[in-house]
Amino acid sequence: MRARHWSALGLGLALAASSASAAEASPDAARTKALLAYQHDLVSVLAPRADAMPLLGAALLARPLAKQPKYNDFHTLIERAAQATDSTPAVQWARLTDCDAKAGTCPNADALQALTGTAADNAAVWLIKLGADTANDKNEAARDDLHRAATAKLYDDYTGTALKALASTAGTLPAPADAIDPASAAGPYGVQVVLVYGVAGLLPQPQPGMQAAARMCAEGKDDDAVKADCLQLAKVLEWGSSPLSRSLGLHLRETLADDPAEQAGARTERANLTWQVQNFARLSDRAPQDKALAQHLLALARNGGTEMSLVLAALRDAGIPADAPGSAAAGTGAGAPPAQ
């Protein structure tokens, strides 16, 4: 399950980036062109900053843009963010995608090395390394990566930090009138929510070795040491930062746990997770037309936390239960991870 449920918000950005010349065809196309120009302007205004969070926001805004000037492109901005005195692992995580997949240089080796040193307690880092080591037939290293991921304290893919960087910088300039849909009650907040969640949905994501880990656990289920690591990893992932990590954690528990009650509980929680993702998708699709909802989603993004905590907070504040109707956990909150 991939949790980029706000990717539909980026449709206008994708259309504008790929076919800006169509802007004369309709008012909607003209608005997407204005939105794209707004994105360019935000990058230009943020680029001179010296602190990591605005530079991260600028880099993420620049990432989907074609033909950016050399000093305002993703590569330059994310390198400057990495060198800032207040840089964080979230910057190095974004830097993982500063690479050339066709040339086989992904993930960015320098960024991965930095993360294994500064975020060694994050299972996401070791799953990135596991994916890379598996792809390079380094089986012993991949087995060690699995153990390191299993014994990590948390799983965080830093999506919450990326959203915070985008939401904190989107208001640097007022939304241009040409980008605002006159039929929408959300006004400039509709433009900002499309920009923030749309850019987040369009960004290439570092790919943790989820499939490689799942395959290793399935193939090693009769090896006591591998199975123990996989069940321990399942617990870390279940309370991870993203619906994707939580889904894999529940899958591992469902397929590897010896207790039928544990297996049934994992199935129930996966149904609840699907419910949560689907309902957040509906909220995010409404946001560009709903001022209060757009403001609220922007505020949640600016508050930081994780992608999972943002989803659950949005559902709670909208009066939507975290547990699916008919779920064994409905009414108890048992299917929802704690807010982070």
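User: Which residues does P176 touch, not counting residues up to four places away in sequence?
Analyst: P176 touches A34 and Y38. Keep in mind that this is a predicted model.

User: Where is P176 found?
Analyst: P176 is in the loop between α9 and α10.

User: How many residues apart along the chain are P176 and A34?
Analyst: They are 142 residues apart along the chain, and their C-alpha atoms are separated by 7.2 Å.

User: Stepping back, what does the secondary structure come to?
Analyst: The protein has 16 helices and zero strands.

User: And how much of the protein is made up of buried residues?
Analyst: Of the 340 residues in the protein, 52% are buried.

User: What about contacts, what share comes from residues 24 or more positions apart?
Analyst: Counting contacts with a separation of 6 or more, 68% are between residues 24 or more positions apart.

User: You mentioned α9. Where does A162 sit, and is A162 buried or exposed?
Analyst: A162 is in helix α9. A162 has 18% relative accessibility, so it counts as buried.

User: Now the loop between α10 and α11. What do we know about the place of P206?
Analyst: P206 lies in that loop, with α11 being residues 210-219. P206 is buried, at a relative accessible area of 10%.

User: Which residues is P206 in contact with, leaving aside its neighbours within four places in sequence?
Analyst: P206 is in contact with W93, L96, T97 and I128. From C-alpha to C-alpha, P206 is also 9.7 Å from D98, while the two are 108 residues apart in sequence.

User: And S245, which helix is that in?
Analyst: S245 is in α13, residues 243-256. Its relative accessibility is 0%, so S245 counts as buried.

User: What does S245 touch?
Analyst: Leaving out residues up to four places away in sequence, S245 touches Y155, M210, L237, E238 and G240.

User: Switching to helix packing. At what angle do α14 and α16 pack?
Analyst: The angle is about 70°, and the axes are 10 Å apart. Helix α14 is residues 260-286 and helix α16 is residues 307-317. The two helices are therefore roughly perpendicular to each other.

User: Which residues meet there?
Analyst: On the α14 side they are L273, Q276, N279, F280 and L283. They meet M308, L310, V311, L312, A314 and L315 in α16. By class, this contact has nine nonpolar, two polar and no charged residues.

User: What is the phi of K67?
Analyst: K67 has a positive phi of about 55°, although K67 is not a glycine. K67 lies in the loop between α3 and α4. K67 is exposed, with a relative accessible area of 84%.

User: And what is the phi of D137?
Analyst: D137 has a phi near 60°, also a positive value in a residue other than glycine. D137 is in the loop between α7 (123-135) and α8 (139-150). At 63% relative accessibility, D137 counts as exposed.

User: Last topic, rings. What lies over the face of F74?
Analyst: R63 does, at 4.6 Å from the ring centre.

User: And how many aromatic pairs does the count come to?
Analyst: The count comes to one aromatic pair.

Technical notes:
Residues are numbered from 1 along each chain as its sequence is written. This is a predicted model: local features need pLDDT of at least 70, side-chain atom pairs count only at pLDDT 80 or more; totals for chains, interfaces and linings use all residues. Side-chain values use heavy atoms; hydrogens and water are left out. Rings of Phe, Tyr and Trp (its six-membered ring) pair if their centres lie within 6.5 Å; planes under 30 degrees apart count as stacked, over 60 as edge-to-face and the rest as tilted. A charge sits over a ring if NZ of Lys or CZ of Arg is within 6 Å of the ring centre and within 35 degrees of the ring normal. Axes are lines fitted to C-alpha atoms, for helices over the stretch in contact, and angles run from 0 to 180 degrees between N-to-C directions. Helices (H or I, at least four residues) and strands (E, at least two) are DSSP runs, numbered from the N terminus. Angles under 35 degrees count as roughly parallel, over 145 as roughly antiparallel, 65 to 115 as roughly perpendicular and the rest as oblique. Contact means heavy atoms within 4.5 Å. Ala, Val, Leu, Ile, Met, Phe, Trp, Tyr, Cys and Pro count as nonpolar, Asp, Glu, Lys and Arg as charged, and the others, Gly among them, as polar. Buried means under 20% relative accessible area, exposed over 50%, partly exposed in between (1.4 Å probe, protein chains only).
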